[in-house]
Amino acid sequence: MAKAGFAGPLEAISPFQFRIPKDYREDMRVDGVIFADDALIGHIRADQGPEQVANVATLPGIQKASLAMPDIHWGYGFCIGGVAATDPEEGGVISPGGVGYDINCGVRLLRTDLEWADVKGKIRPLVEQLFRDVPTGVGQRGPFAFTKPQLVQLMEQGVSYVVGKGWGTDRDVEFAEAGGRLDNADPGRVSDRAILRGADQCGTLGSGNHFMEVQVVDRILDEPAAKVMGLHEGQITVLIHSGSRGLGYQVCEDFLTVFKDAPQKYGFTLPDRQLACAPVRSPEGQAYLGAMRAAANYAWCNRQLLTHQAREVFAKVFGKPWQELGMDLVYDVAHNIAKFERHDVGGGVEKEVCVHRKGATRAFPPGHPEIPEAYAETGQPVIIPGSMGTASWVLAGQPGSMIHSFGSSCHGAGRMMSRTAAVKLAEGRRIDRELDALGIIAKARGHKGLAEEQPAAYKDVDLVVDVVDKADISKKVARLRPVGVIKG
């Protein structure tokens, strides 16, 4: 990982936006814009993420600006927190590095009718049961195994496929971004190696920053929006964070190889080979889009099957069917994905563009046709996970997101420290015991996973959320504090 900070210009153009002007480098086609405030920009400058914002600004067909959310940090190709829209009619490209290895990594929030008073005395056995019953960690197999023909159907149909098997409800489809399915998925573009890796991993949490967390709503900031979402203070919620597992990773790996020679073939150069890309309209671009959509649909099914397992555990621990516990889906959002959407690209010109969100959450405003009717007046729920020991947030998309950020918001706190540095910082410590002292029960496959994801490794999520709230991208609705978490 690059260690030197960013030496280029970061010009404040509003209290919450900093610009890298396109004359910073001759190869930049548009400005770079980072959403941040004075409290965060120092941390951001100390990272190489801003240089990656400038790199993305060189992509063919890029529109308006290369963007980054306040949780920006160095990533593969694009920074984490990166947003870019390209126009296929202007030679716009699709880049696997702008989606990420974990295709459709995302989060979903379940509400319950349980109060903290109902759960407090059972939180430890509840977390231990979740850890026993929900597969976590590298290489773990799930209780669901699919044949290749079944996986093909799953990748084509998305969440509706597993719901049709009895592992969910129609509401689970309605309250997932895009209905839990991207159209025009092409499982035929997914390699046999990827399918083999995904055959028994649907319904598994994985490792890294993936988790399942039991939380308490500790603050309501917008009563009307919270009421629509079914949230109130003292309520128990469950947050699930996972993606497309080995299948999505392999799709990315496969197409980075396919795209390696595409820039030379199509007559453009890149400042970083990790930005490997191809025109959306090229055979390579269309093949990747078909495979990426298939992997995204797999990821929605993965989170649905994790939801099914969480519901079963709660039913077991509390002695009631999950329906009687009110374990309904509030919303499910992706934060590693590329989608075709209509946006204003400047000067009042609206067009369909390919929006890359790499560690960024869709944040459509009230009245947008692509969000559930239930949220038409509040805006789309935007779910921002914390870092085990810190709060998570529920926000609602605002009109400013369509003006400033191609309908996008942040996706988390954002790392300040590499995993290696975090493990070093944890030497001689027991992160699980430190969290226990804070009233958070944490279970993981090993101490390393907890060390890598300790709260000190991340920015202050409250500061990150402040920026998108004040910039009118997404407004605060509710704050959730963790009381129990399982990790890989």
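This dialogue explains how to read several features of a predicted model.

Q: Which residue caps the N-terminal end of α1?

A: Asp-37 is the cap. One of its side-chain oxygens lies 3.1 Å from the backbone nitrogen of Ala-39.

Q: At what angle do helices α5 and α12 pack?

A: Two helices in contact may be described by the angle and the distance between their axes. Helix α5 (residues 148–157) packs against helix α12 (residues 283–318) at an angle of about 95°, and the axes are 7 Å apart. The angle makes α5 roughly perpendicular to α12. On the α5 side, the contact is made by Leu-151, Leu-154, Met-155 and Glu-156. On the α12 side, Arg-293, Ala-294, Asn-297, Tyr-298 and Cys-301 take part.

Q: How many disulfides does the structure hold?

A: A disulfide is a covalent bond that joins the sulfur atoms of two cysteines. This structure holds zero disulfides. For Cys-301, the closest cysteine sulfur is in Cys-202, at 5.4 Å, which is too far for a bond. Cys-354 is likewise in no disulfide, and the nearest cysteine sulfur, that of Cys-277, is 11 Å away.

Q: Are Cys-301 and Cys-354 buried or exposed?

A: Cys-301 is buried, with a relative accessible area of 0%. Cys-354 is also buried, with a relative accessible area of 0%.

Q: Where does His-210 lie, and what does its side chain reach?

A: A residue may be read by its place in the chain, its accessibility and its contacts. His-210 lies in the loop between α8 (192–198) and β8 (211–220). With a relative accessibility of 7%, His-210 counts as buried, because the cut-off for that class is under 20%. Its side chain reaches the backbone oxygen of Leu-205 at 3.1 Å. When residues up to four places away in sequence are not counted, His-210 touches several others, including Asp-102, Cys-105, His-241, Ser-242 and Lys-487.

Q: How far apart are Ala-422 and Leu-450 in sequence and in space?

A: Ala-422 and Leu-450 are 28 residues apart in sequence, and their C-alpha atoms are 9.5 Å apart in space. Ala-422 belongs to helix α14 (residues 419–425). This alanine, Ala-422, is buried, with a relative accessible area of 0%.

Q: What is the phi of Asn-184, and what is that of Phe-406?

A: Most residues other than glycine have a negative phi. In Asn-184 phi is positive, near 65°. Phe-406 also has a positive phi, near 50°.

Q: Where are Asn-184 and Phe-406 placed, and is each buried or exposed?

A: Asn-184 is in the loop between α7 (170–174) and α8. Asn-184 is exposed, with a relative accessible area of 59%. Phe-406 is found in the loop between α13 (400–404) and β17 (408–409). Phe-406 is buried, with a relative accessible area of 2%.

Methods. Residues are numbered from 1 along each chain as its sequence is written. This is a predicted model: local features need pLDDT of at least 70, side-chain atom pairs count only at pLDDT 80 or more; totals for chains, interfaces and linings use all residues. Side-chain values use heavy atoms; hydrogens and water are left out. A polar contact is a pair of N or O atoms within 3.5 Å; within protein, one must be able to donate a hydrogen and the other to accept it, and residues adjacent in sequence count only if both atoms are side-chain atoms. Helices (H or I, at least four residues) and strands (E, at least two) are DSSP runs, numbered from the N terminus. A disulfide is a pair of cysteine sulfur atoms within 2.5 Å. Buried means under 20% relative accessible area, exposed over 50%, partly exposed in between (1.4 Å probe, protein chains only). Axes are lines fitted to C-alpha atoms, for helices over the stretch in contact, and angles run from 0 to 180 degrees between N-to-C directions. Angles under 35 degrees count as roughly parallel, over 145 as roughly antiparallel, 65 to 115 as roughly perpendicular and the rest as oblique. Contact means heavy atoms within 4.5 Å.
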